[in-house]
Structures are given as structure tokens and as C-alpha cells.
Amino acid sequence: ELVRQLSDLRPATISLLDNSEYNLFCIDMEMAKRHVGLERKALLVDIRDAARIQEIFTLETPDLVFHAAALKHVPMVEANVVEGVTTNVFGTVNVANAARSTSVNTFVLISTDKAVNPTSVMGASKRVAERYCQALDLEHKIKEDTSFVTVRFGNVLGSTGSVVELFRDQLAEGGPLTVTHPDMTRYFMTIRESVELVLQASSLGSEEGQLNGKIFALEMGEPVRIMDLARQMIRLAG
């Protein structure tokens, strides 16, 4: 969705980076149909590979970078701590350093509301990534180089591995729907909404006179009880 909305704004060129060959192939094919004349590159890369990241940034010299790569599922990262920290912390460091060394104008870190007073490895790793980008942005005030912006938001409906997908799969199997705790609540927004707000934050973050070390938190409305969501989905499924 990020690539779709960015491509509609008619960039001179767009570079797509992913470590999933299939996902990269899919969005590249979609762009070929959506914007025939758009100059683009599909680049397979793991953000943990600092040398490869630096090489790409040196060749591509982007003006604007959206860093969305992360391991994001709380239980999965809890069970794979080293992988989570290596990707979320050191991967972010690699991308941020490469952006700064190639004079990127604005770097946008996609973060999470779980980085607020984190209670999980995933949340803590994203908070460290935020702190690193904040530190670079504070230096930006002195050096006048890359501006770093962080955007936090909650759960995105329809994103990979979201609870809605899980419930849909459980419904298809005839149930039951599993809810961890009856009082569990989460903030939700659509993929389109979240990307629109991320683009807005990138614009606001690069404006002169803005505070340095900035973190934008998206207004996500009222939290939704997961139990209510499960019951609603059961009703909608008949």
C-alpha cells in the first residue's frame, strides 16, 4: 500500500527493497501495470547486511526513505530474541547510517504503539530503533543533514498476520475463535488510512522549524475489544 500511494504521487524513480522474493515480485508486477512509465528497481536485500544496504544507497541515492522492515509479531520475536534484535535494532541502524551517508533528505521509521513503555522484546527493540533515529535527528539540527521522522501506530486491518486474518482462518475451519483475554483491547485502522498518515508525517517531519527527535503518533480513535471483534466476525459470517 505504501508503494501504491507513493507511486501515484509520480516520483522520478522508486526503489523497492525486500528480502522476500515473492512479495517483491508481486509488488513489482503490480507497478508494471499500475504505472507503465515509472522508473523502478526491485532489489532483494536483507537489512542486516550493512554492506549490501550501503551499496544500494550509494547507487540509488534516494531523496526519501520509508523504513518499514521489521519482525513485528510479539510471540514470534519473544521466541527468537536474537533475530528480533538483529533485524529491528541493527537492521535499522544499517539503513539509517546508509541514508545519512548518502545525504537522504528525509528518513521515515515505521514504528509501533508497542514501543510505548514496552513490555515485550518486540516493543523494546522498536523503542531502541526509535531512540537511535531520534539521536540522529537531534544531530541533524547541528549538521543539517538527513531529517529522521518516526511514526507510531497500532494494528492495521488486513496486514500480514493481523488478528482479523487469524479469525477469518479460524472461521473457515468452523471455529473456535481464540481470544487471549476477554478484556484485551487493540487500536485498529485500515492499511490505506495508515499509509496516508505516514505520508503526511513524512511531509510534516521535513518542514523547517519542526522539533528535532520527533515522533508522530497516529490518532487511531477508540480501542476495540478483541472479544467484540470476534463476536462481530462470527455474526457477519452467519
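## A buried asparagine

Let's start inside helix α5 (residues 81–101), where asparagine 88 is found; helices here are DSSP runs of H or I with at least four residues, strands are E runs of at least two, and both are numbered from the N terminus. This is a predicted model, in which local features need pLDDT of at least 70 and side-chain atom pairs count only at pLDDT 80 or more, while totals for chains, interfaces and linings use all residues. Residues are numbered from 1 along each chain as its sequence is written, and side-chain values use heavy atoms, leaving out hydrogens and water.

Is asparagine 88 buried or exposed? With 0% relative accessibility, asparagine 88 counts as buried (buried is under 20% relative accessible area, exposed over 50%, partly exposed in between, with a 1.4 Å probe and protein chains only). Its side chain reaches the backbone nitrogen of leucine 71 at 2.8 Å. Setting aside neighbours within four places in sequence, asparagine 88 is in contact (heavy atoms within 4.5 Å) with Ala70, Leu71, Met122, Ser125, Lys126 and Ala129.

In soluble globular proteins, nonpolar side chains tend to be buried together. A nonpolar core is a set of buried Ala, Val, Leu, Ile, Met, Phe, Trp, Tyr and Cys residues joined through side-chain atoms within 4.5 Å. The largest one here has 24 residues, and Leu2, Phe66, Val151, Phe153 and Val198 have the most contacts inside it. Elements giving two or more residues to this core include α1 (2–8), β5 (147–153) and α8 (191–205). The largest share, four residues, comes from α8. Another core lies apart from this one, with 18 residues, among them Ala98, Val104, Phe107 and Leu136.

## One aromatic pair

The structure holds one aromatic pair (ring centres of Phe, Tyr or Trp, the last by its six-membered ring, within 6.5 Å; planes under 30 degrees apart are stacked, over 60 edge-to-face, the rest tilted). The rings of phenylalanine 107 and phenylalanine 148 have centres 5.0 Å apart and planes at 45 degrees, so the pair is tilted. Because phenylalanine 107 lies in strand β4 and phenylalanine 148 in strand β5, the pair ties together parts 41 residues apart in sequence. Phenylalanine 107 is buried at 0% relative accessibility, and phenylalanine 148 is buried with a relative accessible area of 1%.

## A helix with a buried face

Which residues of helix α9 (residues 226–236) are buried? They are Ile226, Leu229, Ala230 and Met233. Seen down the axis of α9, these buried residues fall within an arc of 100 degrees, so they line one face of the helix (the arc is that of directions from the helix axis to the C-beta atoms).

Terms used:
Polar contact = N/O pair within 3.5 Å; in protein donor to acceptor, adjacent residues only side chain to side chain.
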